[in-house]
Amino acid sequence: MTEIRLPGGRWRLWEQFALRGPGFPADGVLRLAPAGLAEAADKFGPGDALTGPDWDAFAEGFDEAAVATAYALQDIARTPAFREAVAWQNRPVLDSGIKPFLNWTPTAAGRTSMPRQREELVAHYWQRFCVKNDTIGFFGPVGWGRFDGEAGAGVRVDPGEGLVAATELYFAGWAVDALAANLAADPAVREWTAPRRVPFVRAVGEEVLVPGRPPQQAGAELTAVLARCDGVRTARRIAEELPELDVAALLDELVRRRWAVWRLEVPAATRPERWLRAWLDTVGDFGVRERGLHGLELLERGRERVRSARGADQVVAAMSLLEREFVELTETAAVREKSAGTAPCRALVYSDCRRSATASIGAEVGAVVAASLEPLFTAAGWLTSRLAAEVMDAAKGVHARLAAQGPVNLASFWFACMPILHGDARRLAQRLQQEFQAHWQAILDPEPGVRRVRRGLAEVAAAVAERFAVADGPGWTAARYLSPDVMIAARGVDAIERGEFQLVLGELHLASNTLGASLFVHQHADPAELAALTERDHPGPRLAPLLPKEHRSRLSARVKYALRRPEDYQVALVDQTGDPADPRTLLSADVAVVERDGALRVVLPDGAEFPAVDVFAHVLTTLAMDLFQILPEAEHTPRVTVDRLVVARETWRLPAASLGFPEEKDERRRFVRARRWREQQGLPRFVFVVSPTESRPFYVDFDSPVYVTVLAKAMRRLARKDPDGRVVITEMLPTPEQTWLTDAAGHTYTSELRFVAVDERDVAGGDA
């Protein structure tokens, strides 16, 4: 393995990294910026009236350019790959928007409201497919690369053949859950279903203990059944073990008291259908088993039809048939409504792909990357260490109070810590971010009103080492990982080889190895390589909390951690979403919490011990993930560059109602006024915009009237919803011209490199 150790000796980079980029070339968006139109618009100064012969000539030229752009958008919308990408994203749009747009003949007079809306629809999808470094389907395939000392000084790209090397199709977990729920509606299924104890409930003698409640008398019969609710024994088997009892009635009572769960539940997994099939194979009732297998096989055949579909029409037909069969089978809607409480994967199936192109980073660029990131990692380590230390100091007080009444189990400890984790810890995280930014303010010492802050790496590294020094380890085991997104701004690989490049920090994901997510692991040519890297990082077993299946946009099967090893433990705190047959999946009520040498430890039933902070890992990572922001929010923040790395891009936070140009109805005048406004604000040509009313950041090119219109409409929506609402505008860096990732045909793509950094220090009081 190629060693990439950072200068301070604390951090090490994985030799492998993910190569994230869209599936359409970057220059595609430039097709929507008519040549010369921006320059013509800029001839009208702030005081010039938009009337007269010069204006009439400009308006005529604008109309001609708009018609040409409409034809360009039709060419885009007609492209098979574009139509197929839209089919995966939002199939109804093909009929409601794309089809009528293609049936329309663009003319200046014919560009009425509806055709213009369809132009904007195509442009909006097009910017996402061309310049957003998403990871989804063939229009955002997962690429891979590695540090390679033999690759020369710069970056080497092997484009491979075509865009995509491999494609895989997955069921959304909720779809398999719906099939399981439909099967479970049959009363005959109950005896073949394994009831399980609620994770935070336990029995001691004939009493049942629930956190926050006095012990409850249950009696010998209920506790005897509860003791066998392990998620593995079926109700039928429990009845065989306790022939003298009415087990079904007792199970109903346990469910009524919320001490046990008795329903068919599919564990969270990338391939949930495999678990359901394995369960069906255990069912002794021929009718139940065959009905379940028939339904499962029906959906699997539908998935295979979708997998083999080529082109938008075939994808639409295959998906539509699968949805009809699903609705008939489960009596459940085939597409989940979009809402704040809905996680990704709204459709029945989703596709992930592996990019054909691979990249190798040579020694010189690798050294620049390592040296540039080291101060940021040190500062990030300060955040996680401080967060963990202060949360655990408060948790010690909770433990001491509980321990005064007797032995403490993890369930009681967890619930007693809720006010800390969801109250005090949030305020603590905000305070730490303010301290973090104050340190960076002192380190960078930017002059008020400047647009560019440039500092040397040596001076910044020395100041960071002084201000962000911590004596303890990273805080919790997962916090040993950092996952930075780094972009290389260069006009091709030859420019990188000559040293003509700039690094740009995208996001720095704290306390998480994001390459361990299912969407990355299962799109690797050899996942065993990622497992070997994990083994190197963690010679001993780890403990992690078991997470819910889904939660808004943060949790889904695609981001489920997929590098867990057989020796690793996981503990169900509130929800048991794992496989009950897994011997290293434990219930919180069965885990003890003790204090040893001033540190809280959890002791598992087999005697294994771990730092108690690891039980809070997901909560702490969620709190930490948005903390790394070196500049506080302001109406304008400058671009900050440390030697070769841009650590913060120039950003504006402006009231949507103050922009002025969005309310202009005439698109010619709106374009001119938008360019005047851009000049006044000092915005670059290419930006990304974040608005509270839009689901995702979107690209804007101020040389493109259609993208100016997209921006104007987004600002009007925001101003109507919240007159004080602010829009965040960030310079696009790299720009569409600063791209180096190529395919076999020589097209270039925007991209970012997702690295994994490992803190070589142990977690304080724990095992690395």
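In this predicted model, a polar contact of 2.9 Å joins the side chains of glutamate 325 and arginine 305. Glutamate 325 belongs to helix H12, which covers residues 311-330. With a relative accessible area of 15%, glutamate 325 is buried, because the limit for that label is under 20%. Once its neighbours within four places in sequence are set aside, glutamate 325 is in contact with Leu298 and Arg305.

H5 runs over residues 113-131, and its 19 residues should span 27 Å at 1.5 Å a residue; the end C-alpha atoms are 27 Å apart, so expectation and model agree. The buried residues of H5 include Pro115, Glu119, Tyr125, Trp126, Phe129 and Val131. Among the elements that cover these buried residues are helix H2 (53-78), helix H3 (80-90) and helix H4 (92-102), together with E27, E28 and H22.

Two of those covering elements, E27 and E28, lead on to a sheet. This open sheet has five strands in the order E23-E26-E29-E27-E28, with antiparallel pairing. Strand E23 (636-637) and strand E28 (698-701) are the edge strands, each pairing on one side only. Within the sheet, strand E27 (residues 686-690) and strand E29 (residues 726-731) run antiparallel and are joined by four bridges.

Three bridges join E8 to strand E9 (residues 207-209), and valine 204 has glutamate 207 in E9 as its bridge partner.

Strands of a sheet pair through backbone hydrogen bonds, either parallel or antiparallel. Strand E16 (residues 502-510) and strand E25 (residues 645-648) run parallel, joined by two bridges, whereas strand E24 (residues 639-642) pairs with E25 in the antiparallel sense over three bridges. Valine 646 in E25 stands opposite valine 504 and also opposite threonine 641. E24 and E25 form a hairpin with two residues between them, and aspartate 643 in the turn has a positive phi of about 55°.

Aromatic rings come next, with a count of 36 aromatic pairs. The rings of phenylalanine 17 and phenylalanine 755 have centres 5.3 Å apart and planes at 70°, so this pair is edge-to-face. Phenylalanine 17 lies in strand E3 (residues 16-20) and phenylalanine 755 in the loop between strand E32 (752-754) and strand E33 (757-759), so the pair ties together parts that are 738 residues apart in sequence. Phenylalanine 17 is buried at a relative accessible area of 0%, and phenylalanine 755 is buried at 1%. A second pair, phenylalanine 129 and phenylalanine 139, has ring centres 5.2 Å apart and planes at 55°, so the pair is tilted. Phenylalanine 129 sits in helix H5, while phenylalanine 139 sits in the loop between H5 and strand E4 (142-147). Phenylalanine 129 is buried at 0% relative accessibility, as is phenylalanine 139 at 4%.

Key
Residues numbered from 1 in each chain as written. Predicted model: local features only at pLDDT ≥ 70, side-chain atom pairs only at ≥ 80, totals over all residues. Heavy atoms only, no water. Pairing = 2+ DSSP bridges. Buried < 20%, exposed > 50% of the residue type's maximum accessible area, 1.4 Å probe, protein only. Polar contact = N/O pair within 3.5 Å; in protein donor to acceptor, adjacent residues only side chain to side chain. Contact = heavy atoms within 4.5 Å. Expected span 1.5 Å × (residues − 1). Phe/Tyr/Trp six-rings, centres within 6.5 Å; stacked < 30°, edge-to-face > 60°.
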